[in-house]
Amino acid sequence: MNATINHETYGQIVYNESFWTGKKTLMVNGKNLTKIDKQTFSYSNEGQSKYFVLDGNFLKGVFLTIDKEKIQLVPPLKWYEIFLPVIVFVALLVWANSPTLVLIFPLVGGAIGGLIGGIGTLSSVLAMKSIKSIPHKFLAWLGISILTVLVNFLVTTLIIATLV
């Protein structure tokens with residue numbers, strides 16, 4: 001994940017965090033900052049040193065603190081980026097645990113259904129977070145939700161076929 005902002009005092013600030021490794025890099029005005037520890041970076045310019053402290057993560061937002069000034073690099077999740085994926089997860093849990101609804105459209109519940117729903121929810125949150133346009137976020141959520149239900153239905157069908 002990359003985030004670039006232009007700050008009136010420090011110029012262009014580029015933040016990069018690897019999703020897989022969690023490795024973070026910070027660049028100010030084209031100059032890579034020296035990593036002191038996991039969250040602290042050092043910036044030296046014309047004999048002056050400043051410490052830049054990162055706080056947060058990809059999901060709750062990333063903030064940079066410089067001499068008590070807090071700069072938002074990555075915004076936190078919006079309410080709908082949490083609500084929409086969770087509502088699908090809950091709907092799958094309710095549907096899969098209702099004998100009447102399972103007769104209409106069979107879905108697997110329990111650990112297997114929870115795993116499928118959890119993967120779908122996480123995928124949906126990550127996709128919505130990485131897309132800027134709200135209509136495109138909604139379309140990504142809708143597509144991943146439909147895919148999650150279809151995967152659950154396919155697994156259910158395979159389980160029923162092996163039992164018969």
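This tour moves through the strands of a predicted model and the pairings between them.

Residues are numbered from 1 along each chain as its sequence is written. In this predicted model, local features need pLDDT of at least 70 and side-chain atom pairs count only at pLDDT 80 or more, while totals for chains, interfaces and linings use all residues; side-chain values use heavy atoms, with hydrogens and water left out.

Begin by selecting residues 2-7, strand 1, together with residues 11-17, strand 2; the two run antiparallel and are joined by 6 bridges. Strands here are DSSP runs of E with at least two residues, numbered from the N terminus, and two of them pair if DSSP finds at least two bridges between them. A hairpin of 3 residues connects strand 1 to strand 2. Within this pair, display Thr4, which stands opposite Val14 of strand 2.

Glu17 has Lys24 of strand 3 as its bridge partner. Between strand 2 and strand 3 lie the 6 residues of a hairpin, and Gly22 in the turn has a positive phi of about 80°.

Then turn to the open sheet, in which 5 strands follow the order 5-6-7-8-9 with antiparallel pairing. Select strand 5 (34-35) and strand 9 (69-74): these stand at the edges with a single partner strand each, so one side of each is left without a neighbour in the sheet.

Finally, centre on strand 5 and residues 40-45, strand 6, which pair in the antiparallel sense over 2 bridges. Here Lys35 has Phe41 of strand 6 as its bridge partner.

Terms used
Helix = DSSP H or I, 4+ residues; strand = E, 2+ residues; numbered from the N terminus.
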